[in-house]
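Dear colleague,

Please find below the structure that I am handing over to you. My findings follow it.

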Amino acid sequence: TGCAAGVMSVRGDLDGTTLFVRKSDALALENAGGVLKVWSSGLDAPIVVRRTASQELVALSVLCTHKGCHVTPLPESFECPCHGSKFNEDGSVAQGPATRPLRRFAVRETPVSIIMEVAP
């Protein structure tokens, strides 16, 4: 685990197209507004998991849909440092030049894991 630019990072376990993170490694997601960056050697880019104000978990690719730069998680949104695109906490476009939302992955939690489906 690590912490880069205020966002906790963990390595997930990838089994085929399913990515697992132990909840004991995902303490950043205990409260609304929590953000966790999940890495795995089998993924092209990390996934950011956020617990929204409504307590929903949202899993999004960090790749901006404009030119593929890595977006930066902010307290309630995401911002692309390359060309200024902004995305809402659910990955929808708030401001261009991006016109498509961030890629979203199915995510669920069990008592012991956060589980994401990361099929191409």
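The torsion about the S-S bond of Cys69 and Cys82 is about -105 degrees, so this disulfide (a pair of cysteine sulfur atoms within 2.5 Å) is left-handed. The model is a predicted one, in which local features need pLDDT of at least 70 and side-chain atom pairs count only at pLDDT 80 or more, while totals for chains, interfaces and linings use all residues. Residues are numbered from 1 along each chain as its sequence is written, and side-chain values use heavy atoms, with hydrogens and water left out.

A search of the whole structure finds 1 disulfide, and the S to S distance between Cys69 and Cys82 is 2.1 Å. A disulfide is a covalent bond between the sulfur atoms of two cysteines. Cys69 is buried at 17% relative accessible area, whereas Cys82 is partly exposed at 40%. Here, buried means under 20%, exposed over 50%, and partly exposed in between, with a 1.4 Å probe and protein chains only.

Cys64 is in no disulfide; its nearest cysteine sulfur, that of Cys80, is 3.9 Å away. Cys80 is likewise in no disulfide. Cys64 is buried, with 4% relative accessibility, and Cys80 is buried, with a relative accessible area of 4%.

Turning to another residue, Arg51 is buried, with a relative accessible area of 7%. The side chain of Arg51 makes a polar contact with the side chain of Glu109 at 3.1 Å. A polar contact is a pair of N or O atoms within 3.5 Å; within protein, one must be able to donate a hydrogen and the other to accept it, and residues adjacent in sequence count only if both atoms are side-chain atoms.

Yours sincerely
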